[in-house]
Amino acid sequence: ERLVLEGHQGNVNACAFNASGTLLASAGVDTEVRVWGAQDGGLALRARGHTKPIAGLAFGIKSDVLLTASDDCTVRVWDAAEKARPMLRVLKHHKRPVAAVRVHAGGQLFVTGSWDGVVKLWENVGPDAKVLQTLFTGLPALRDVGLAPTMVQTVACAAVDGRVRLYDMASQQEIVTLNDPVILGYKPNPTQ
């Protein structure tokens with residue numbers, strides 16, 4: 001049976017499942033975060049806090065902490081299980097709209113990328129989040145970012161120029177430029 005989750009006003013820019021697959025979060029131009037029961041489509045949480053569209057979101061690996069990235073230049077930390085006061089913290093460390101947020105597979109780190117080409121590596125997925133490193137790529141606006149699952153210091157940056165670049169956060173150096181368009185996080189099935 002197919003579930004259609006309705007309620008957002010305008011475009012939905014991002015969606016993500018929690019690690020257990022029981023919750024699905026969505027967000028978009030209406031500045032609203034919605035968390036749905038993945039099995040029945042019931043609305044588990046509806047929250048506002050951002051003042052401009054939400055561009056990206058990601059759940060923490062080990063909890064129902066949700067991170068949202070917005071055009072209002074902030075990243076917000078939410079507790080998807082807390083209906084009364086779900087917003088835990090506002091992270092105001094970017095100077096331009098934040099286009100993407102991704103949690104590392106290990107669960108303790110996350111990365112954000114903004115329209116001014118700045119990447120930030122954070123520790124502590126939750127209200128105690130703090131910036132570990134900042135990378136000034138010099139790229140045009142970033143559209144997506146990702147952390148290599150086995151190489152924590154390697155970050156991928158997708159920019160509006162149609163290229164993806166890999167950087168070493170420790171040395172602040174570009175490792176390689178990929179010229180073919182890619183969607184970060186996509187892994188094709190080799191059997192197809």
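Colleague: Quick one to start with: is C15 buried or exposed?

Modeller: C15 counts as exposed, because its relative accessibility is 55%, where exposed means over 50% relative accessible area, buried under 20% and partly exposed in between, with a 1.4 Å probe and protein chains only. Bear in mind that this is a predicted model, in which local features need pLDDT of at least 70 and side-chain atom pairs count only at pLDDT 80 or more, while totals for chains, interfaces and linings use all residues. Residues are numbered from 1 along each chain as its sequence is written, and side-chain values use heavy atoms, with hydrogens and water left out.

Colleague: How many disulfides does a search of the whole structure find?

Modeller: The search finds zero disulfides, a disulfide being a pair of cysteine sulfur atoms within 2.5 Å. C157, for instance, is in no disulfide, and the nearest cysteine sulfur, that of C73, is 18 Å away.

Colleague: And C157, buried or exposed?

Modeller: C157 is buried, with a relative accessible area of 0%.

Colleague: Changing topic, how many aromatic pairs does the structure hold?

Modeller: There is one aromatic pair, counting rings of Phe, Tyr and Trp (its six-membered ring) whose centres lie within 6.5 Å; planes under 30 degrees apart count as stacked, over 60 as edge-to-face and the rest as tilted. The partners are F110 and W122, with ring centres 5.3 Å apart and planes at 5°, so the pair is stacked.

Colleague: Which strands do F110 and W122 lie in?

Modeller: F110 lies in strand β10 (residues 109-114) and W122 in strand β11 (residues 118-123), so the pair ties together parts that are 12 residues apart in sequence; strands here are DSSP runs of E with at least two residues, numbered from the N terminus. F110 is buried at a relative accessible area of 0%, and W122 also counts as buried, at 0% relative accessibility.

Colleague: What is the strand order in the open sheet of four strands?

Modeller: The order is β1-β2-β3-β4, with antiparallel pairing, where two strands pair if DSSP finds at least two bridges between them. The edge strands, β1 (12-17) and β4 (43-48), each pair on one side only. Within the sheet, five bridges join β2 (residues 23-28) to β3 (residues 32-37), and L23 has G37 as its bridge partner in β3.

Colleague: Which residue takes a positive phi in the hairpin of β15 and β16?

Modeller: That residue is Q172, with a phi near 65°, in a hairpin that has four residues between the strands. Strands β15 (residues 164-168) and β16 (residues 173-178) run antiparallel and are joined by five bridges, and the bridge partner of R165 in β16 is T177.
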